[in-house]
Amino acid sequence: MQSDDLIFPDKDDLADIDEPEIPEVLPMMAVRDVVIFNYMIIPLFVGRPASVNAIQESLSADKLLMLVTQKDSTIDEPGPDDMYKVGMVCMIMRTLKLPDGRLKVLVQALHKAHVREVVREVPHFEARIELFSDEETVEVSVELEAMMRTVREQTEKILSLKGVISSELMVILNEIDEPGRLADLIVSNLRLKTSEAQQVLETIDPVDRLKKVADFLHKEHEVSTMQAKIQSDAKEEMGKTQREYFLREQLHALKKELGDIDDKTEEIEELRQNIEKARMPADVKKESLKQLKRLDMMHPDSSEATIVRTYLDWMLDVPWRKATKDRIDLKIALQVLDEDHHGLEKIKERILEYLAVRKLNKTTKGPILCFVGPPGVGKTSLGKSVARAMGRKFHRLSLGGMRDEAEIRGHRRTYIGAMPGRIIQGLKTVGVNNPVFMMDEIDKVGSDYRGDPSSALLEVLDPEQNFEFSDHYLNQPFDLSKVMFITTANMTDTIPDPLLDRMEVIRLSGYTLEEKVVIARRYLLPRQIHENGIEEKYIKLTDETLSLIISHYTKEAGLRNLEREIGKVCRKVARRVAEGGKGPYSITGRTINKYLGPAFFSPEDEIDTIDQPGLATGLAWTEVGGEILYIEVSLLKGKGGLTLTGQLGDVMKESAQAAMTICRSRLKKMGMDENYFDDIDVHVHVPAGAIPKDGPSAGVTIVSALCSALTGKKVRKDVAMTGEITLRGRVLPIGGLKEKALAALRANIKMVLIPAQNMKDLVEIPKDLRDQITFVPVKNVDQLLNKAF
């Protein structure tokens, strides 16, 4: 049973009410959340079966009913111990049956009574009661009159603070002279707690009851005053904000009526549903819902709302848990790698090893591979093949020239136009959290006042740290351990050591002539035929012609210039076909000049120029691959000076000075006077003077050329050499042996003199390359000169 609003009798009703004779046993019903006092008229909604039966029993008799208050309003089926013992005998004045089966009953309180015992519980309660008689004070003393006035004034103040004061109620309060009735009427309007109101009801003496009411009024007045003060202060602070808010809402309503904007509530609900479906980690979901709550409280046209909305869009677009399933079939993976790339056995073997480990251990972390090699050897395309072999998505990020750390970690949301870093952007683009992520040109990352991107990459490329990568924009950890990172570089010298330490370096040195012919036949020529819109039947290129293009029109470790030259041939054929030519057009060694013009390089002529004293062929390593390095020495009359030309670096100049000292110490062995250098000057020149040159590996070549000039003996034209020298004549090891060997092969050199300590590096050189070139180890200058002349 629940109560509705209270109804208070007016002054006339409070005068004298004829009470019917009240029997000793009455039907009893429990009420919730309300304590009924004398002379109250109150509507009740009755729904519990026991209460409905009590109402029916009362209506069939004298319409009298005992009403008591439940101690705990949450109990649906209260027992005798769940009800207070003091209540009111009421008369049912009117009943109405509602459509939902409940009864609406209007009752009037007649007399306070005490429940002595419950005589029946089923189908409704019946109780034996004992009536109380209030002994009202006949004489109103000065003290009592003062208390009654105080109570009236306190009641008026409290109702005024709450904004519910009624003139009719105040009239009634001023005309009541009995303290008991005054106390009952005031308590009925104060809405005290049920337990406090019950205390007042159970107090029999009217004066004591009025004193309790005075205490409650004093406490309520303090609370109401403080509440009014808090509301007033808050109203002053929020006045301006509220006015702006109301104006924005009015503008929003106008735009909505005009059809200019969508419903904000609909947008918020859609975002909430998307957050629930996004399968975010718990902390990320909590932060997203927090930002959504902020957005809901903002005006949609404010700049802050735009920032929050963009942030939530990013949080929803980032693939927190979405991933592709790896293809773990090693045979299929090898087949895909072989289809896309010829050779590169070491790299293919490393990829298959990773897949094998992944097959046995699903939780293994992805490797950080670094492909190092000259341009055009297929580093980037190899990354695409790795992704295709594993069944993963591929994303490429170029790091060349990057100088801002925020490109990696993102901008903080406090900045205008802030965005996540390129890592998170790439993951959003591919839509999964385990792609093959290729970072090109990691050796060309810069740094300035905006930060050092290479330092930010330390976290990204460390499997022990990147499982909690924190982007400044998202400000939430993201797991990058499932990403397979592959980086590329032309050289490792410019990569910071801490960053290089985190990567597994795999070197791609370049291709031999035979490998280039196979690659051109299988990949480059079909691609250029397709891109130039012709069919294979219109063009015929033999392997001999391809070899001629490689050796005479290109001079590179990679394949870019080769593909460019093949594309030039295809374009000229395409023009003939477009002009009505029938074809096929056969390109041979005799006709190649018509398509590509005169040859750019002639290895045979270059070797022939070496066939004279004072000249030697060296091998050098550059970031674009191995190169042939010619050293020229001339002896002139002078005073023992040494002239170095050809834009030589400091290291190469020191090698020339060391070679000069070695030759001075060997004058007797060469049958020359010890003072020979006092009357001559030595000029050492390295052709291609516009190109800077440096490095220690040219030391043996300078010694050979200098000794050749002094003795008049020719250095073998089919011999190239590389190695560093010491003043004692020892030959020290060098790096980049494979690249230098490929450069020698391109120049038709059949013998290469290398430091003896580099013989262990020959295992890294393919067998077909070792079969075409003879590698001769030398430990000192004596062995070097014996083999060179």
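I started with the largest pocket, which holds about 1400 Å³ of space. For the record, a pocket here is an open set of points on a 1 Å grid over the protein atoms alone, where a 1.4 Å probe fits, with protein on both sides within 12 Å along at least five of seven lines. Grid points are joined across faces, edges and corners, and the volume is the space filled by probe spheres set on the points. Which residues are the closest to its centre? I found Trp621, Gly736, Leu737, Glu739 and Lys740, out of 50 residues that line the pocket; a lining residue has an atom within 4 Å of a point. The elements giving two or more residues to the lining are helix H11 (345-360), strand E14 (504-507), strand E17 (615-622), strand E18 (625-637) and helix H24 (737-746). Helices (H or I, at least four residues) and strands (E, at least two) are DSSP runs, numbered from the N terminus.

**Ground rules.** I am reading a predicted model, where local features need pLDDT of at least 70, side-chain atom pairs count only at pLDDT 80 or more, and totals for chains, interfaces and linings use all residues. Residues are numbered from 1 along each chain as its sequence is written, and side-chain values use heavy atoms, with hydrogens and water left out.

**Whole chain.** I noted 26 helices and 25 strands. Of the 789 residues, 47% are buried, meaning under 20% relative accessible area, with exposed over 50% and partly exposed in between (1.4 Å probe, protein chains only). Among contacts with a separation of 6 or more, 74% come from residues 24 or more positions apart; a contact is heavy atoms within 4.5 Å.

**Cores.** A nonpolar core is a set of buried Ala, Val, Leu, Ile, Met, Phe, Trp, Tyr and Cys residues joined through side-chain atoms within 4.5 Å. Which members of the largest one touch the most other members? They are Phe371 and Met484, in a core of 51 residues. Helix H17 (residues 513-531) supplies the largest share of this core, 7 residues. Apart from it I found another core, of 48 residues, including Val52, Ala54, Phe216 and Leu217. I then listed the contacts of Met484, skipping neighbours within four places in sequence: among them are Ile351, Tyr354, Leu369, Met390, Arg392 and Phe437.

**Strand E2.** I looked at E2 (residues 25-31) next: 6 of its 7 residues are buried, so the strand is largely enclosed by the rest of the structure. Strand E7 (residues 125-131) runs antiparallel to E2, joined by 4 bridges, and Leu26 has Ala127 as its bridge partner there. Strand E4 (residues 64-69) pairs with E2 in the parallel sense, also over 4 bridges, with Ala30 opposite Val68. Pairing needs at least two bridges found by DSSP between the strands.

**Strands E24 and E25.** E24 (residues 751-755) pairs with E25 (residues 774-778) in the parallel sense over 5 bridges. The chain gets from E24 to E25 through helix H25 (residues 767-772), and this β-α-β crossover is right-handed: with the strands pointing away from the viewer, the path from the first strand over the helix to the second runs clockwise. Leu753 stands opposite Val776 of E25.

I checked the peptide bond from Val122 to Pro123, and it is cis, with omega near 0 degrees. Pro123 sits in the loop between strand E6 (103-120) and E7. Arg279 is not a glycine, yet its phi is positive, about 55 degrees. I place Arg279 in the loop between helix H7 (264-277) and helix H8 (282-297), and it counts as exposed because its relative accessibility is 52%. Glu441, again not a glycine, has a positive phi near 60 degrees. Its loop runs between strand E10 (436-440) and helix H15 (453-460), and at 26% relative accessibility Glu441 counts as partly exposed.

Leaving aside neighbours within four places in sequence, I saw Ser704 in contact with Ala616, Val715, Met721, Leu784, Leu785, Ala788 and Phe789. Glu222, in helix H6 (residues 206-258), is partly exposed at 48% relative accessibility. I also noted that Glu222 and Ile158 are 64 residues apart in sequence and 9.1 Å apart in space, C-alpha to C-alpha.
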